[in-house]
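User: I am new to this structure and would like to be taken through some of its side-chain pairings and one of its strand residues, step by step.

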Amino acid sequence: MKVFMKFAVAAVAVGLCVTANAQNRADRQNLENPESFSMIVLGDPQGYEKYDINQPLFELCTAWIADNVDHLNIKGVLCTGDLVEQNENIVMNRDMLNQTSREMWESVSRAFDRLDNRVPYFISGGNHDYGYQRAENGMTHLPDYFPFERNNKWRDIIVSSYPNRQGVLDIENAAFAYDLPHWGKILLITTEFAPREEVLAWALNLCKSDKYRDYKVILMTHSLLQERNAAYVNNTEYDITPQTGGQEMWDKLIAPAGNILFVLCGHMGTVGDYEDSIAYRVDKNEAGRKVHQMMFNVQTLGGGWEGNGGDGWLRILEFLPDGKTVKVKTYSPLFGISPLTKHLAHRTAPYDQFDMVLE
């Protein structure tokens, strides 16, 4: 009996220790206002997925998100595309990757498993998610690994979809409607890479329809802005057809819609300073409303094109209860997970930490 009691006391002590440690985050992130909600931005993950040694870093990002769904009141996860380095290839160029396309798709799918049935996530297909190596055509495995049925958090919010280049209805071209505290009605639209004109027309008709014209619209597309100068990209270096560039997207969808207030993209970036991985601009649409446009692509951070894939950087968008202000913060759970590196976990330059007012 005494042996059993000693064992029981020890077990309780161990349990309390584990609980205490689990609650003692090295760099716990908090909302500035407890009535806010947040969305998390994940830049292009292809750099994580093309090397097996990097893949756990992207899993850390999605594990961190899953751990904070309630704490940060996360209502959505926004991924800018290029889930893989090459959509369909078994011949590995060892100078740039050591994974086949199937291994990359399986890895990125496994990372998102942590979010399935926990929180809705949204993906804009990137150029590397099409064709064989870089958008030679419209073939993609995205609907094979991310079928609509895998995440039940999409079911009650999807309101429209448009077939991809293969004629498949999936999450590439889709619209999701929210009714969120203090913010009211939000419509989130995703598009394929370099979307065809019929996709732009579908999205524009949604925005201008009687049902959604009073919604605040968030648009996600892979390729829109260049790094640093935030000029519009043209996409003409790819063989995929038909396609549109950034200026055409502005002219044919974003400006005339009237209610698209925030556009998110990835795609561009070079090796250099942190500023070479981001872009931001604000323009007025045809209704005279400001449209905030953000590019976030971290794949060269952490060592360049053949580095670790992005140092775990992501963005926390906190939607304040005033119904118009979004606070942008850039954070890395890779650095934040340890007390020894948590001082490196925040990027606080003006281009990495700022406010957007969507009205």
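Analyst: Before the pairs are discussed, one term is needed: a salt bridge is a side-chain nitrogen of Lys or Arg within 4 Å of a carboxyl oxygen of Asp or Glu. The model to which this term is applied here is a predicted one.

User: What links the side chains of Lys185 and Asp179?

Analyst: The N to O distance between the side chains of Lys185 and Asp179 is 3.7 Å, and the cut-off for such a pair is 4 Å. Lys185 is partly exposed at 40% relative accessibility, whereas Asp179, at 57%, counts as exposed. What links the two side chains is a salt bridge.

User: How many salt bridges does a search of the whole structure find?

Analyst: The pair of Lys50 and Glu306 is a salt bridge too, with 3.4 Å from N to O. When the whole structure is searched, the number of salt bridges found is 21.

User: How many residues apart in sequence are the parts that Lys50 and Glu306 tie together?

Analyst: Lys50 belongs to the loop between α2 (46-49) and α3 (55-67), while Glu306 belongs to the loop between β10 (290-296) and β11 (314-319). Because the two residues sit in these two loops, their pair ties together parts of the chain whose separation in sequence is 256 residues.

User: What is the N to O distance in the salt bridge of Arg213 and Asp210?

Analyst: Arg213 is partly exposed, its relative accessible area being 44%, and Asp210 counts as exposed at 65%. The side chains of Arg213 and Asp210 meet in a salt bridge whose N to O distance is 2.8 Å.

User: Which residues are linked with Arg165 in a network of salt bridges?

Analyst: Besides separate pairs such as Arg213 with Asp210, there is a network of salt bridges that includes Arg165. The residues linked with Arg165 in this network are Glu192, Arg196 and Glu198.

User: In which strand is Phe319 found?

Analyst: Phe319 is buried, with a relative accessible area of 2%. Leaving aside neighbours within four places in sequence, Phe319 is in contact with several residues, among them Phe37, Met39, Trp183 and Ile218. The strand in which Phe319 is found is β11.

Technical notes
Residues are numbered from 1 along each chain as its sequence is written. This is a predicted model: local features need pLDDT of at least 70, side-chain atom pairs count only at pLDDT 80 or more; totals for chains, interfaces and linings use all residues. Side-chain values use heavy atoms; hydrogens and water are left out. Helices (H or I, at least four residues) and strands (E, at least two) are DSSP runs, numbered from the N terminus. Buried means under 20% relative accessible area, exposed over 50%, partly exposed in between (1.4 Å probe, protein chains only). Contact means heavy atoms within 4.5 Å.
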